[in-house]
Amino acid sequence: MLAVTAAAAVLPMAAPSTAGADTTADLRVESYVLPAGAPVPSLEELQSAEGRERLRRTATAAEPGAALAQETVGPAASSAPLSRRPSGSPPADATTGVRQRAALGPTATAPEPARTMTYDECVKGLGSDKKFYVKSRFAVCNGASFLQTWTRNGQPVGTSMFNVRALGTVAKNSRTITFQ
């Protein structure tokens, strides 16, 4: 809270003076949500109509909820169209794997699933186009890049951006998820 208050106190002092400036200019900010690792266009690219359209297409493809998993049912299924891509698929050698597990019988065990994830694993897992990365049922992350385009009279004059990554993990013998 103190950091936010201190930042708010500094911002007015850093603002440029409007004395002598054109006060009739139409100043606006357009905000876009992009996939976590998507390339961010430069100001020069945004000053062309093609660059702005490319940014809009990238942001539209990144909108959360654009398509739901195929297995979504109930009231949630009516909020967006179902994805054409399956959420998961069996490995290519699924038949062989089933036979091998059956041959092992009740002594077969599965390895302990991962319960931790590093920031670098999250960034690598998200790549430049994924909304979520699931390392295991106990370690997941998501992220997005937020881009603001500052325009004057409809022409981009500046940009700012920030990235958000959220890592969720569950410790052994716990039912509590911890977010970083």
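Is Glu-112 buried, exposed or partly exposed? Glu-112 is partly exposed, with a relative accessible area of 48%, where buried means under 20% relative accessible area, exposed over 50% and partly exposed in between (1.4 Å probe, protein chains only).

## Basis and confidence

The structure is a predicted model, in which local features need pLDDT of at least 70 and side-chain atom pairs count only at pLDDT 80 or more, while totals for chains, interfaces and linings use all residues. Residues are numbered from 1 along each chain as its sequence is written, and side-chain values use heavy atoms, with hydrogens and water left out.

The mean pLDDT of the chain, where pLDDT is the predictor's confidence in each residue from 0 to 100, is 76, and 66% of the residues reach 70 or more. Where pLDDT is low, the predicted coordinates should not be read in detail.

## Overall architecture

The chain holds five helices and five strands, which are DSSP runs numbered from the N terminus (helices H or I with at least four residues, strands E with at least two). Read along the sequence, they follow the pattern α-β-α-α-α-α-β-β-β-β. Of the 180 residues, 22% count as buried, and among contacts with a separation of 6 or more, 49% come from residues 24 or more positions apart. The chain exposes about 13200 Å², of which carbon and sulfur atoms supply 59%; accessible areas come from the Shrake-Rupley method with a 1.4 Å probe, and for residues only the protein chains shown count as cover.

## Strands and loops

Strand 2 (residues 132–136) pairs with strand 3 (residues 139–152) in the antiparallel sense over four bridges, pairing being assigned if DSSP finds at least two bridges between two strands. A hairpin of two residues joins these strands, and Ser-136 stands opposite Ala-139 in strand 3.

Two asparagines in loops have positive phi values. Asn-153, in the loop between strand 3 and strand 4 (155–170), has a phi near 55 degrees and is partly exposed at 49% relative accessible area. Asn-173, in the loop between strand 4 and strand 5, has a phi near 60 degrees and is exposed at 78%.

## Salt bridges

A search of the whole structure finds five salt bridges, each defined as a side-chain nitrogen of Lys or Arg within 4 Å of a carboxyl oxygen of Asp or Glu. One of them links Arg-28 and Asp-26, with the closest N and O atoms 3.0 Å apart; Arg-28 is exposed at 52% relative accessibility, whereas Asp-26 is partly exposed at 33%.

Glu-112 meets Arg-115 in a salt bridge of 3.1 Å, N to O, and Arg-115 counts as buried at 19% relative accessibility. Glu-112 also forms a salt bridge with Lys-172, the closest N and O atoms being 4.0 Å apart. Because Glu-112 lies in the loop between helix 4 (94–104) and helix 5 (119–126) and Lys-172 in the loop between strand 4 and strand 5, this pair ties together parts that are 60 residues apart in sequence. Salt bridges that share partners join Glu-112, Arg-115 and Lys-172 into one network.

Methods:
Contact means heavy atoms within 4.5 Å.
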